[in-house]
Amino acid sequence: MEEIDRISQLPEDVLIRILSLVPSKEVARAKLVSKSWKSLFEFLPSFTFEFLHPRSPPHEDSTDDDMSSFINAIDSALKLHKRFTLDRLQLNLDLDLIGSGSGSRSLIDLWIDAAIKRKVRQLSLCFQCHNAGYYFLPFEVFGARTITDLRLEECRFEICGDIDLPALRKLCLRRIRCEDQAIQKLISSCPLIQDLKTSFCSGMQRLHVSELVNLQRLSVICCYALESIEIDAPRLQYLEYHHGSLQCDLLLITPSEFLRELILYDRFITEDLFQNLLSGFPNLELLTINDTRLKWIEISHRRLKRLDLTLANLEAEGILKIDTPNLRSLIYYGCRTPLISVISSLNTSSLQEVDINFINSDDNGHFSILHSEEFFEMMKHCQDIKLTLHIKSKQELIIPKRLRPILSPPVYDIKHLHLLVYKCSRYQLIIDRMFWMCHPQILSFSRGTKPGFLKVLYNKFRNKEERPKCCISCTIKCWQHYLEDVQIDGDESRAEIDRIITATELSNIVMKCEVRFKLKWRS
């Protein structure tokens, strides 16, 4: 019985859409099988060609043949292309494999020129050059009037004439080697840019972003030699900055009432500069701070809705002040003491979700039962509380033995408790202290958690008695009297639990995924 080719019977527009999602090199091979597919290949709206160093050897025997077929695929795609316009051309090339000679560079020039002649709208040129020299971009790219989205990676360019990119809306420069003047002229010659991103670029010391009245997003990431950035973009909505090797001055020339999201990874930022930035964005809604060395962090903003603080360098004696009455989401990663010190004064009336991650668990600021009671009392109305504790020893959840018979569990309705348990052997003690501290609805464990702990916990859940006989004489019962039901949350968690409890030797077992439980407690 002959097999029916149902794919070829699909409408041409559907086939073109399908083929546009397949790597162009594979499509070029497929067109050799069918004349109808060959004709469709000539009308594809976009091409993506990738020729990078294979991740796993051996590759030397096939490199020449692969390169030849790769070059032929691009040549035929661009020469036979019959559409009036080309939506996108993306080249991801390893110059060490393509070759460092002038012939190979000329081929790339011809491919780019062919795309420009077909009025390409999106042009992405990404190169790798470990041993070969940088690819010099032909200046004709800067005269392509139809390009709306331009991405350049690991290449060099010089501006030796007028730039004519009237349609450009998005510009991404990554690992580019160029001087200040070239970057500055390129940016200033494209006044309609809405999205500008520079990352890991070298040779650039000053960046002046001005006269871009439509600029909405600006990202400057790890440009190592950068010393100053001047921003004059009154309609900016998103600003992201990651520090380089040097201290960089961020100068906001024009405050932006439109900016909603600010992301700062800056170990060199000063208190004055930080406060000036915050004051320049009166309608800021999302603030992310990471890798700062500030000893005093004060955040006072009435419109802020989400605050993401990664303060690994803010030590226990550091000062943190937060005044954000409309805050809905708080994410904190750092030492305990700076956050604990602001709990009592923190306005949590609008908070809906909290994710707390404490580090440096060897310090003296343990998250004690008194701190936890105050913390959960402040956060009890939140829809989702995720408290991540990195437990390395039984002292991590300190509950003085003398208090256990007289104090009730501090909270019953915590939504989510997330734990990472490692380097600890007294599992039963950790479990008892954990559930004395809180009764979570969802209990989850990170991948780094010791499988032995999960096995003990699961067996504790599985062997739970309907009417526990412990604590009969005590006024305050242990957690087992309050736990009504336990369910493993999801097939992935169930498979991981099955793998752990059936293993004969746990020393070589590593958790492959997060494990979650759903808990139901009696009131």
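Trainee: What makes residues 55-62 a stretch to treat with caution in terms of pLDDT?

Mentor: This is a predicted model. Over residues 55-62 pLDDT stays under 50. Local features need at least 70. The model has two contacts beyond four places in sequence for residues 55-62.

Trainee: What does the model have for residues 393-400?

Mentor: There too pLDDT stays under 50. For residues 393-400 the model has 31 contacts beyond four places in sequence. Across the chain, the mean pLDDT is 78. Of its residues, 72% reach 70 or more.

Trainee: Why is H12 called roughly perpendicular to H13?

Mentor: Helix H12 (residues 451-462) and helix H13 (residues 491-501) pack at about 100°. Angles of 65 to 115 degrees count as roughly perpendicular. Therefore H12 is roughly perpendicular to H13. Their axes are 10 Å apart.

Trainee: Which residues make that contact?

Mentor: H12 gives Pro451, Leu454, Lys455, Tyr458 and Arg462. H13 gives Ile497, Ile500 and Ile501. They divide into six nonpolar, no polar and two charged. Lys and Arg count as charged, so Lys455 and Arg462 of H12 are the two charged residues.

Trainee: Which residues have the most contacts inside the largest nonpolar core?

Mentor: Phe157, Phe274 and Leu287, in a core of 99 residues. Helix H6 (residues 102-117) supplies the largest share, six residues. Apart from this core lies another, of 31 residues, including Leu419 and Trp479.

Trainee: What is Leu287 in contact with, neighbours within four places in sequence aside?

Mentor: Leu262, Phe274, Leu278, Ile299, Leu304, Arg306, Leu307 and Asp308.

Notes
Residues are numbered from 1 along each chain as its sequence is written. This is a predicted model: local features need pLDDT of at least 70, side-chain atom pairs count only at pLDDT 80 or more; totals for chains, interfaces and linings use all residues. Side-chain values use heavy atoms; hydrogens and water are left out. A nonpolar core is a set of buried Ala, Val, Leu, Ile, Met, Phe, Trp, Tyr and Cys residues joined through side-chain atoms within 4.5 Å. Buried means under 20% relative accessible area, exposed over 50%, partly exposed in between (1.4 Å probe, protein chains only). Helices (H or I, at least four residues) and strands (E, at least two) are DSSP runs, numbered from the N terminus. Contact means heavy atoms within 4.5 Å. pLDDT is the predictor's confidence in each residue, from 0 to 100. Axes are lines fitted to C-alpha atoms, for helices over the stretch in contact, and angles run from 0 to 180 degrees between N-to-C directions. Angles under 35 degrees count as roughly parallel, over 145 as roughly antiparallel, 65 to 115 as roughly perpendicular and the rest as oblique.
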